[in-house]
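Please look over the structure below. The report then takes up helix packing, domains and the ligand shell in turn.

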Amino acid sequence: MEYHDLLYTEGDINLGEHRKNWREQLSEKTKNLLAEDEKYFLHQSMSTPCLDVIDKCEGSYLINTEGKKYLDFHGNSVHQVGFKNPYVIEKVKQQLDELTFCTRRYTNQPAVELAKTLIESTQSKLDKVLFAPGGATVNGMALKLARAVTERFKVITFWDAFHGASLDTISVGGEAIFRKNMGPTMPGVERVPPPNTYRGILGESEENYLSYLEYVIEKEGDIGTFIAEPIRNTDVIIPSKSFWKRVREICDRNEIFLIFDEIPTGLGRTGRLFVYEHYDIVPDAVTLGKGLGGGLFPLAAMLTHSKYDKVSDISIGHYTHEKNPVAATAGKAVLDYISDENLLEKVSEHEKHITETFRIWEEKYSLIGDIRGLGLLWAIELVEDRTTKEKAFDIAERIMYGCLENGVNFKVSQGNILQLSPPLTITHEELQFGLDVIEKQIKKYS
Ligand SMILES: Cc1ncc(COP(=O)(O)O)c(C=O)c1O
């Protein structure tokens, strides 16, 4: 694999010319802090060198050391309720005066309350839960549970998938950049192409795709688990309702444990609390993370059915912070806030506005090859030419830095996709400001 291909797998490039130019215009104080960051942190792809130094975060914004505000359409998918949400902060402050940790073999009220609230929010379709301090960790737990329940170790996943950066989750991931030089990973992983109808190598025919998938599963014969993001976050691939219904049927027929990884997309981002609700099916396990800790604490959850609660002789989780009362308080406050503030309805309102805006953009700018999204999760795919669909790598980067200069932050995925995930608490005015900045840049390069 070429270095160039590796660079474009997941995020924007952080070693290119445009990043160098961006860094030139930063203040001396910021440059010095960035240099210190590089001095002390082990360098790794997509994280080093950093873009800027952030001093504060509030609502929809990151604020740098000079007081410059970035409207954050990335937020690492933790900002469902906005940054430093006052309601969540207040609840956490109160909890800090009570119980700050809970030693294993004891439980505590905040952890039990979060478990109950999460389960009730699934209308008890998924009625058992385990918490852990991170997304990769809960995916690892779900994979372990699936092995324990099915007594089979083989897993089917999508190429290009990301389920975490730990050794078990890169084993079921589909991005080469995470597996490079990592030696043997978990055996028994069968990858199939992602159901991408814009670029999919299996074309636009869902029926062909599903027949292929079924063929792989039935030929292999002993697959135990299917892990997937029901809607892929980075490039926003949204399969149809019939797609996931058919996959559920195929899994049922082959007794395959279906895991939906909703770590970046759950908790209201798509306009429903859980992504699976869009598909009228219930997976065997759902994993949540990111925004569950309110952007304050690393907190993740695996939800499953009580029919699988039959492995009490195996440690599925066993993580030090799995019942952390402060993290659980933040999680409960996030769920209460989403419900009390009717955030799901607000997301639907924003969705209508964005859909209409993007319809007009698609007509106006031939640079846009495809726009996909729902709720507050969108991808704008930039192409050199609509017929050849050649990716507009350089323009995408220029647009990203142009937007950063004008105070809007987002990630470029796969080198040419502007991925937009605003906080769910965003106001109409903030959203419009962000859209105006992005449109101006797209217009400039069209
Ligand atoms: C789909 C998906 N799964 C899992 C993870 C891993 O979560 P964490 O970084 O908390 O381990 C991520 C993180 O970006 C993700 O996007």
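Are H9 and H10 roughly parallel or roughly antiparallel to each other? The model is predicted. In it, the axes of helix H9 (residues 206-220) and helix H10 (residues 241-253) cross at roughly 20° and come within 11 Å. An angle under 35 degrees counts as roughly parallel. H9 and H10 are therefore roughly parallel to each other. The crossing of H9 past H10 is right-handed. From H9, the residues Glu206, Leu210, Leu213, Glu214 and Ile217 take part. They meet Ser242, Phe243, Arg246 and Ile250 of H10. By class, this contact of H9 with H10 divides into 5 nonpolar, 1 polar and 3 charged residues.

**Two further helix pairs**

Helix H4 (residues 86-96) packs on helix H11 (residues 325-340) at an angle of about 150°, and their axes are 9 Å apart. Angles over 145 degrees count as roughly antiparallel. H4 and H11 are therefore roughly antiparallel to each other. Their crossing is right-handed. H4 brings Tyr87, Val88, Lys91, Val92, Gln95 and Leu96 to the contact. H11 brings Pro325, Val326, Thr329, Ala330, Ala333, Val334 and Tyr337. The residues of the contact of H4 with H11 comprise 10 nonpolar, 2 polar and 1 charged.

Helix H13 (residues 393-405) and helix H14 (residues 428-445) have axes 9 Å apart and pack at about 140°. That angle makes H13 oblique to H14. H13 passes H14 in a right-handed crossing. On the H13 side, the contact holds Ile395, Arg398, Ile399, Gly402 and Cys403. On the H14 side are Val437, Ile438, Gln441, Ile442, Lys444 and Tyr445. The contact of H13 with H14 has 7 nonpolar, 2 polar and 2 charged residues.

The packing values are set out here.

| Helix pair | Angle | Axis distance |
|---|---|---|
| H4 and H11 | about 150° | 9 Å apart |
| H13 and H14 | about 140° | 9 Å apart |
| H9 and H10 | roughly 20° | within 11 Å |

**Domains**

How is the protein divided? Domain 1 covers 3-83 + 343-445, and domain 2 covers 86-340. The C-alpha centres of domain 1 and domain 2 are 25 Å apart. In the contact between them, 33 residues of domain 1 touch 29 residues of domain 2. Four elements each supply at least two residues of the side of domain 1 that touches domain 2: helix H12 (343-364), strand S11 (368-374), strand S12 (377-382) and strand S15 (417-420). H12 gives the most to that side, with 5 residues. By class, the side of domain 1 that touches domain 2 has 14 nonpolar, 13 polar and 6 charged residues.

**Ligand shell**

Which residues come nearest to the ligand? Of the 13 residues around the ligand, these are Gly134, Gly135, Ala136, Gly164 and Ile263. Helix H6 (residues 135-150) supplies the largest share of the shell, 3 residues. The shell around the ligand has 4 nonpolar, 7 polar and 2 charged residues.

Definitions and conventions: Residues numbered from 1 in each chain as written. Predicted model: local features only at pLDDT ≥ 70, side-chain atom pairs only at ≥ 80, totals over all residues. Near = placed C-beta within 6 Å. Nonpolar A, V, L, I, M, F, W, Y, C, P; charged D, E, K, R; others polar. Axes fitted to C-alpha atoms, helices over the stretch in contact; angles between N-to-C directions. Parallel < 35°, antiparallel > 145°, perpendicular 65-115°, else oblique. Left-handed = near helix turned anticlockwise from the far one by under 90°. Contact = placed C-beta atoms within 7 Å. Domains from an automatic or database assignment.
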